[in-house]
Amino acid sequence: MMQAKLQNLSYYKWLIFGVVATGSFMATMTASIVNVGLPPITAALHTDIATAQWVVTAYLLVITSLLPLMGRLGDIWGRRNLYGFGFIGFTAGSLMCGVANSVSMLIGFRVLQAVGAAALMANSMALITSCFPQSERGKVLGVIGTVVALGSLSGPGIGGLLVEHFGWHAIFFVNIPVGLLGYAGVRLILPADRDLSRERIDYLGAALFTASMVSFLLALSYGTAWGWTSLTTMSCVGFALLVFGVFIWYETRIEQPMLELAIFKNITFSAGNLAGFLSFTAMFTNTMLLPFFLHDVLAFSPAKTGLIMSAFPLVMAVTAPVSGTLSDRVGPVLLTTAGLSLMAIGLLVTAKLQLDATLWLIMGAQALMGLGNGLFQSPNNNSVMSAVEPRQLGVAGGINALARNFGMVCGTAVAVAILEYRRVAYLSGLSEPTAGQQVAAFMTGYHDALLVGAGLAVLGALISLKRT
């Protein structure tokens with residue numbers, strides 16, 4: 001009854017947006033809030049850093065592996081149903097994480113939390129795209145970009161306050177009221193799913209994709225520690241490629257695959273996702289290494305480091321809605337190409353920073369990258385989601401989120417690998433390097449990693465230019 005009354009309101013679609021924005025904010029905030037709690041978690045649960053890191057790694061692996069499946073399930077079972085499941089799983093996982101009394105329990109419950117987060121991430125853009133007309137999609141996807149930026153921006157600050165005043169458990173308990181509010185919104189506001197597909201779920205295809213993705217992500221995440229040519233790393237990569245080949249073979253031979261490979265024949269869809277992947281890979285070369293440059297080399301305080309790095313999401317939060325609205329009028333090509341070009345320039349400026357760099361120069365480079373990312377993301381998402389049929393919105397949203405998460409992992413791995421390779425090469429032959437030589441070795445690797453990131457952004461700009 002209440003839902004029927006709400007549907008007659010002129011702003012009903014914005015109520016739907018509010019529910020989706022709640023899930024997007026919660027998922028992105030949690031992704032950044034947990035890092036702040038790792039040190040006290042390590043001490044409280046009597047573990048070491050390497051083991052505690054799995055609290056973050058397990059969450060990332062599960063989300064990235066399940067995104068296409070969750071998008072597909074949204075197309076088959078209904079996006080309202082999947083979004084509600086996402087809130088339930090995420091909230092239950094948060095509660096269990098908060099009461100965990102061992103690191104193994106915490107990691108296990110983070111997996112449950114990640115399953116819920118994957119359902120939210122994979123279906124958010126599909127819900128918005130299906131509820132807003134074509135003429136408004138760019139604007140609303142731009143506002144979602146702002147929500148994501150604010151979630152990422154607020155996570156460390158909120159996490160620090162919660163940990164300091166209430167302990168590490170609070171960074172998980174804070175999700176519970178938000179999750180319950182979101183689930184209530186799903187039940188009261190989101191429209192009922194209609195004309196659902198009667199297709200079967202391709203569980204074998206999902207299992208093959210998950211196994212391949214987990215193996216490859218493990219190699220990327222730990223390749224530097226294991227050694228990129230070590231037996232462990234090469235075995236993970238070889239297994240991932242073998243299983244992914246089997247997955248492709250299998251998907252082309254069944255009637256109702258998890259992933260319709262024909263969707264990639266759509267040039268606009270494929271180019272948009274590839275450009276999105278490159279943008280996040282490029283971005284995370286900076287995101288990963290800049291804190292070390294600011295804290296370890298320039299000796300900035302954590303507060304000052306956080307202030308500098310906040311320039312990126314703040315500018316992005318302002319730019320994304322404007323860019324999304326413009327994309328409804330002028331199309332995606334100009335905005336996405338210009339955005340990635342500005343990101344490349346920002347990375348080049350950051351790569352050339354020296355030990356005497358001023359605060360304003362560093363923040364200006366971060367703001368320039370935030371401007372570029374804000375110009376790029378909303379039109380790119382609009383282009384990707386508008387390029388597919390309505391029945392494919394769920395899987396398209398899942399693939400779009402997969403490109404984003406996979407880019408983050410690859411950017412982190414590329415940055416660390418280049419930094420370590422160049423640092424070791426610089427220090428080779430020096431039995432007792434001085435502090436100055438250590439800094440010079442870091443700066444060599446740091447500069448090269450960001451130059452590679454700038455090159456990836458340029459490649460993404462060229463792809464965006466030819467996306468149609």
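Among contacts in the chain (heavy atoms within 4.5 Å) between residues at least 6 apart in sequence, 84% join residues at least 24 apart. The structure is a predicted model, in which local features need pLDDT of at least 70, side-chain atom pairs count only at pLDDT 80 or more, and totals for chains, interfaces and linings use all residues. Residues are numbered from 1 along each chain as its sequence is written, and side-chain values use heavy atoms, with hydrogens and water left out.

The chain holds 18 helices and 0 strands; helices (H or I, at least four residues) and strands (E, at least two) are DSSP runs, numbered from the N terminus. Its C-alpha atoms fill a box of roughly 75 × 55 × 50 Å along the principal axes. For 468 residues, a compact globule would have a radius of gyration near 23 Å, and the 22 Å of the chain agrees with this. That radius is taken over C-alpha atoms, and the globule rule is 2.2 Å times the number of residues to the power 0.38. Buried residues account for 53% of the 468, where buried means under 20% relative accessible area, exposed over 50% and partly exposed in between (1.4 Å probe, protein chains only).

Two helices can be followed from end to end. The expected span of a helix is 1.5 Å times one less than its number of residues. Helix α16 (residues 359-386) has 28 residues that should span 40 Å, and its end C-alpha atoms, 41 Å apart, agree with that. Helix α9 (residues 175-188), with 14 residues, reaches 20 Å from its first C-alpha to its last, close to the expected 20 Å. Its buried residues are N175, I176, G179, G182, G185 and V186.

A helix pair comes next. The axes of α4 (residues 54-77) and α5 (residues 79-99) come within 8 Å and cross at roughly 150 degrees. These axes are lines fitted to C-alpha atoms over the stretch in contact, with angles running from 0 to 180 degrees between N-to-C directions. Helix α4 is therefore roughly antiparallel to α5, a label for angles over 145 degrees. In α4, Y59, M70, L73, G74, D75 and W77 meet R79, N81, L82, F85 and F90 of α5. By class, this contact has 7 nonpolar, 2 polar and 2 charged residues; Ala, Val, Leu, Ile, Met, Phe, Trp, Tyr, Cys and Pro count as nonpolar, Asp, Glu, Lys and Arg as charged, and the others, Gly among them, as polar.

Finally, H46 lies in the loop between α2 (12-44) and α3 (49-52). Although H46 is not a glycine, it has a positive phi of about 55 degrees. H46 is exposed, with a relative accessible area of 74%.

How values were computed: Parallel < 35°, antiparallel > 145°, perpendicular 65-115°, else oblique.
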